[in-house]
Structure formats: structure tokens, C-alpha cells
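The sequence and the model come first, and the description follows.

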Amino acid sequence: MSISHVKSVVAAQPAVEGAGVHLHRAFGFGDTSLTDPFLLFDDFRNDDPDRYRAGFPWHPHRGIETITYVLAGTVEHGDSLGNRGTLGAGDVQWMTAGAGIVHSELPGPDFKASGGLAHGFQIWVNLPSAAKFTTPGYQYLPAAEIA
């Protein structure tokens, strides 16, 4: 077994994405030589409802996969394939953008009831060249089905 060494330690930086969601970005939109095939890692933890309320309205992706893991609160997902659903604590969404997909991620129906609590993270994974134009897909994995 080989031993890997830490090559870099970075602090997540504040960022604003979507329609004004305040989050922390560990990496992304820069040099990915140390993280490829991982392109982005965002932590969307927020205790202030006004910093998350507008969510991520309809927007496109292509050539990547996005993995969203919700730790607290809920996230409503919708996409151009007709997939719709609510992710709650412990749920995972895996979306293959492939040749292209449009989707939205908005605070879920319990947003007001939970006091606007939202916490989770999203990872973007670069698809291999041969899979960049694959048919888009969507998987929802409820917490109860994850070991």
C-alpha cells in the first residue's frame, strides 16, 4: 500500500452563487490540477434564511456530474428531464449532466417551519472525455437506503 501525502491545505472561501446563496467554497473555478476529476466543493451551510432563501433557480450544466448531500433542512429539485423531488437530511442526489440538463435547487417546503435552516454540500465531478455527451440522468438516494 502506498502512502499519500497532503499536498495542500486550504481554507474554504465565502462565495455567493445562484440567486444570492451565501456559501463556502473549498475549491472550484480555478486550478483543478490537485483535485481533478473533482471540480468544485461547496458547503451551503446557513443559519440566516435570507442568505439561502432565493436558492439556485433554473440553470444549465453539461459535461459534469453533481452530487448533493443534504445534512439539515430540505432542498427541492426539478430538472428538464421531468425529475422532481425533495431532499431531506441524509438524502443524496446524483445528477449526470452529460450532453446537457437544466435544473433548479430551491429551499424545500419546510423552509419556514425549520426557521430557514439549510445545510449540505455539493461536489462537481468532471466526466471523462468519452462521456461528456452521454444522456443526462438523475438518481435520488434517500437516507434510509444508504448504508
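## Aromatic pairs

Rings of Phe, Tyr and Trp (its six-membered ring) are taken to pair if their centres lie within 6.5 Å, with planes under 30 degrees apart counted as stacked, over 60 as edge-to-face and the rest as tilted. A search of the whole structure finds five such aromatic pairs. One of them is edge-to-face, because the rings of Phe29 and Trp124 have planes at 80° and centres 5.6 Å apart. Phe29 belongs to the loop between β2 and β3 whereas Trp124 belongs to strand β10, so this pair ties together parts that are 95 residues apart in sequence.

The rings of Phe41 and Phe121, with centres 5.3 Å apart and planes at 20°, form a stacked pair. Since Phe41 lies in strand β3 and Phe121 in strand β10, the contact ties together parts 80 residues apart in sequence. Ring pairs also link Phe27, Phe41, Tyr69 and Phe121 into a cluster.

## Basis of the model

The model is predicted, and local features need pLDDT of at least 70, side-chain atom pairs count only at pLDDT 80 or more, and totals for chains, interfaces and linings use all residues. Residues are numbered from 1 along each chain as its sequence is written, and side-chain values use heavy atoms, with hydrogens and water left out.

## Exposure of the paired rings

Relative accessible area is classed as buried under 20%, exposed over 50% and partly exposed in between (1.4 Å probe, protein chains only). On this scale Phe29 counts as exposed at 57%, while Trp124 is buried at 18%. Phe41 is partly exposed at 25%, and Phe121 is partly exposed at 22%.

## The sheet

Strands (E, at least two residues) are DSSP runs numbered from the N terminus, and two of them pair if DSSP finds at least two bridges between them. Seven strands form an open sheet in the order β1-β2-β3-β10-β5-β8-β11, with antiparallel pairing. Its edge strands are β1 (13-17) and β11 (137-141), each of which pairs on one side only.

Strand β2 (residues 21-28) is joined to the antiparallel strand β3 (residues 38-43) by four bridges, and His24 stands opposite Asp43 in β3. Between β3 and strand β10 (residues 119-126) there are five bridges in the antiparallel sense, with Phe38 opposite Val125 in β10. Strand β5 (residues 64-72) pairs with β10 over eight bridges, also antiparallel, and Ala72 has His119 in β10 as its bridge partner.
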